Amino acid sequence: MGRVSVKDGLKEKGNDTLASGLPVKITGIVFWGMVLVGLIIAVIVLKGRGNELGSRNASETKLLVHEIAEHLEENHLATGQLKDARSNLLQVIETLRPGLHFEAVELRNGSDVLLIGDKHADQESISQTLQLRGPEAGAQNHTIQIRVLFPGLKRTIADYRKKILISIGLLVMAFGLVLQQILQRMLSRPFFNMVTAAKSFSNGNAGSRFDETRGDEFGFLAKFINRALDSLVQQQADLRDALNRATQSEAELFREKERAEVTLQSITDAVITTNSAAEVQYLNPVAERLTGWHNDAVRGLPVDSVIKLVHDVTDQTVRNPVQDCLKSNSVEILHAHAALRRKDGTLIAIEASAAPMRNDRGEVIGAVMVCQDVSHARKLAHQLSHQASHDSLTGLANRREFERKLEDALESAKREHKQHVLLYLDLDQFKVVNDTCGHVAGDQLLAQIGILLDHKVRHSDTLARLGGDEFGVLLEGCDIARGEQIAETLRQTISDFRFVWEDKLFQVGVSIGLVEISASSENSAAVMSAADAACYVAKDEGRNRIQVFHGGNKGVDRYGEMQWIARIHKAVEENRLLLYRQNIIAVAGTDNVEHAEILLRMQDESGAIIPPMAFIPAAERYNVMAMLDRWVVTHTLEWLAANPLTRNNHLQFFSINLSGQSLGDKNFLQYVVDEFVRTGVAAERVCFEITETAAIANIGRANDFITELKQRGCCFALDDFGSGMSSYSYLKNLNVDYLKIDGAFVKDMAQDPVDFAMVESINRIGHVMGIKIIAEFVENATILEKLREIGVDYAQGFGMHKPEALIRSI
């Protein structure tokens, strides 16, 4: 830091005055103080001097009288005249004069007066009586008055005072000059330097500092002040920085405020702010339009008087979320069915939330409420809800809504022991109308049937279209007898109905399954399955009739199959389907097994393995086979991708069974192709088995399927060959690689010559066409030997290889 010297400071006129004035003032104070002290000393000295002069004069008088007395006695001058002794006395007095201060001596003996020295009026005198004895005995004593004259005390003291005052004046003047120089050096200059540095600092020179090099109190004071100045400069710098930041923050806050105002002005939501007392402070333009209030008119009003909330169905008052928000200090969401009553009394469906506003100390200073006009969305939601629960064609409840109502009915039956009845309706001859007049006519028929049925059921009942030409009716609070009466009314109504389309007239009927809902009913799926089973029995026994579910054989069988469907879906969801394989052995006797068939098993909840014939028939009846076929294709290809061919694994390819439902699915072929692409498995490793019956039923689609996948490398086998009535006639039209002879011919061929002849015939025809033959159900060595005799290529059965889990096949 910079240092300011005295020389630099003395150049300034004001500083010159300060430099000269300060020591003069200090010196003057000290000078007059010393003068005062000198005067006091002079008074004391003069007073002492007066006493001293009096004592001295008395002492000298005594000495002089003594000397005169001795002289007179020695020279026997006591009897003589004083004039006679003048010369002698004069000699004695002159002898004493150099050491004494008297001016004259006067001796008086009666009238005889002897004066030695000069006498004048302002002298001080001391008189003393001297007794002298005569020289002879008996002589008379003589008395001499001796008066010693000294200079006057007033004059002496005046002279002495003059000398003292002159001495004190000179001494004080000299001391003043010396003191002035000392003060100038030790006090004035350091002080001046400090004043100069202080002026420089005050004039804006932040680098100006006091001289710390001195070793005296000024140096210590300079260090202290310099630290204070450093701190002050730092504080000023910090203050400037803080001021700059505050200025920037203020500018930023202003810009932020402008942006917030622009945002609030342009935002599509209504924004209402309140203070901590829930009084409205601000409405943005959207809030003004939504509430019908102007911002200026509502400022300071309670929020409840501006934002009036009610339930959009019951019209009951709904608590404002701002109050809850301020109470809980957390975000609050408005009731789902809330509506805003505007200033003009109209209602608008809204959604809103309220959040607390806090200051920089975290204190809640108010709340902000954001509202949205959801009138259109809520209306649309009502429409969607209606569409989600109603059939678009008939306007009746759909299956989902019907099942929900059924769950409620089951709950009331179990809890309150109420009785209900479920009717399952399936139209008869509906397919005739669809096939004859098209789907438009079929839709029109369903719509008219829905209207007919709706007029015949009670208001408390639920009528629904369950899908296709199937309807359901839930009769709540109804016993089985009353349910049969209502079912008969519905059956008769539809039976009497005639459907006219263009120039055609149709009569349709309905098969109705009826099941009672009571406290002992299991669940909605069980009730629906029972009703469906009863309806199936009604159709099976001649249609256009009512069947009550009593658990008879047909109903139980049908019900059991429907239960399997639920178990199949659950097994798929819980990944309890398993892949097994059964090797296909070359009859020629080679040790290498190159071919195996994929088989499907199910694992129940306890871990037991369920054979396919327990659930496959139900899957075929209820159109679930296509789902199972896809599952098998996907998991088989994934297993092949994870288990490529190795030196120890001779299995070249696997056969996968496909159902007729999959062949009839127009999307199934693309699904298989996509799975080959996804897994990267070579198509040559897969052979698809198609039953003869399924191939004949879908001959066109089967040929397309075979052609497309054979081009990619797959091979095909025709399964259960010989079971159909026209096997050979269709064989020429199916480009397959293998024929699998129906096991019904193979298992008894060793004992039955007809079965043997059938197997031999199929083998011969297949070889003529270049097709390899696989015999199924080969259960022993005898059958295998017969197959070897007639030249069958491969054998498959429990006698060759028992199925095993695919995961253990490597």
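This is a predicted model: local features need pLDDT of at least 70, side-chain atom pairs count only at pLDDT 80 or more; totals for chains, interfaces and linings use all residues.

Trainee: Which residues of H18 and H20 meet?

Mentor: From H18 there are Asp 629, Arg 630, Val 633, Thr 634, Leu 637, Glu 638 and Ala 641, and they meet Phe 668, Tyr 671, Glu 675, Phe 676, Arg 678 and Thr 679 of H20. Sorted by class, the contact of H18 with H20 holds six nonpolar, two polar and five charged residues.

Trainee: Why are H20 and H22 called roughly parallel to each other?

Mentor: The axes of H20 and helix H22 (residues 699–712) cross at roughly 15° and come within 10 Å; since angles under 35 degrees count as roughly parallel, H20 and H22 are therefore roughly parallel to each other. Their crossing, that of H20 and H22, is right-handed.

Trainee: What do H20 and H22 bring to their meeting?

Mentor: Phe 668, Leu 669, Val 672 and Val 673 in H20 meet Phe 705, Glu 708, Leu 709 and Arg 712 in H22. The contact of H20 with H22 comprises six nonpolar, no polar and two charged residues.

Trainee: Why are H25 and H26 described as oblique to each other?

Mentor: Helix H25 (residues 753–768) and helix H26 (residues 781–790) pack at an angle of about 45°, with 10 Å between their axes. Roughly parallel requires an angle under 35 degrees, and roughly perpendicular runs from 65 to 115, so that H25 and H26, at about 45°, are oblique to each other. H25 and H26 have a right-handed crossing. On H25 the contact is made by Phe 756, Val 759, Glu 760 and Asn 763, and on H26 by Lys 786, Leu 787 and Ile 790; by class, the contact of H25 with H26 has four nonpolar, one polar and two charged residues.

Trainee: Turning to the largest pocket, what lines it, and which residues lie nearest its centre?

Mentor: The largest pocket holds about 1200 Å³ of space and is lined by 39 residues, with Glu 597, Leu 599, Met 613, Asn 657 and Asp 719 nearest its centre. Elements that each supply at least two residues of this lining include H18, strand E24 (653–658) and strand E26 (715–721), while E22 gives the most, with five residues. The lining of the largest pocket divides into 18 nonpolar, eleven polar and ten charged residues.

Trainee: How many cavities of 30 Å³ or more does a search of the whole structure find, and what lines the largest cavity?

Mentor: The search finds three cavities of 30 Å³ or more, and the largest cavity has a volume of about 50 Å³. Its lining consists of Pro 190, Asn 193, Met 194, Phe 210, Asp 211, Arg 214, Phe 218 and Ala 222. Helix H4 (153–202) and helix H5 (217–266) each supply at least two residues of the lining of the largest cavity, and the largest share, three residues, comes from H4.

Key:
Residues are numbered from 1 along each chain as its sequence is written. Side-chain values use heavy atoms; hydrogens and water are left out. Contact means heavy atoms within 4.5 Å. Helices (H or I, at least four residues) and strands (E, at least two) are DSSP runs, numbered from the N terminus. Ala, Val, Leu, Ile, Met, Phe, Trp, Tyr, Cys and Pro count as nonpolar, Asp, Glu, Lys and Arg as charged, and the others, Gly among them, as polar. On a 1 Å grid over the protein atoms alone, a cavity is a set of points where a 1.4 Å probe fits but cannot get out, and a pocket is an open set with protein on both sides within 12 Å along at least five of seven lines; lining residues have an atom within 4 Å of a point. Grid points are joined across faces, edges and corners, and a volume is the space filled by probe spheres set on the points. Axes are lines fitted to C-alpha atoms, for helices over the stretch in contact, and angles run from 0 to 180 degrees between N-to-C directions. Angles under 35 degrees count as roughly parallel, over 145 as roughly antiparallel, 65 to 115 as roughly perpendicular and the rest as oblique. A crossing is left-handed if the near helix is turned anticlockwise from the far one by less than a right angle, and right-handed if clockwise.
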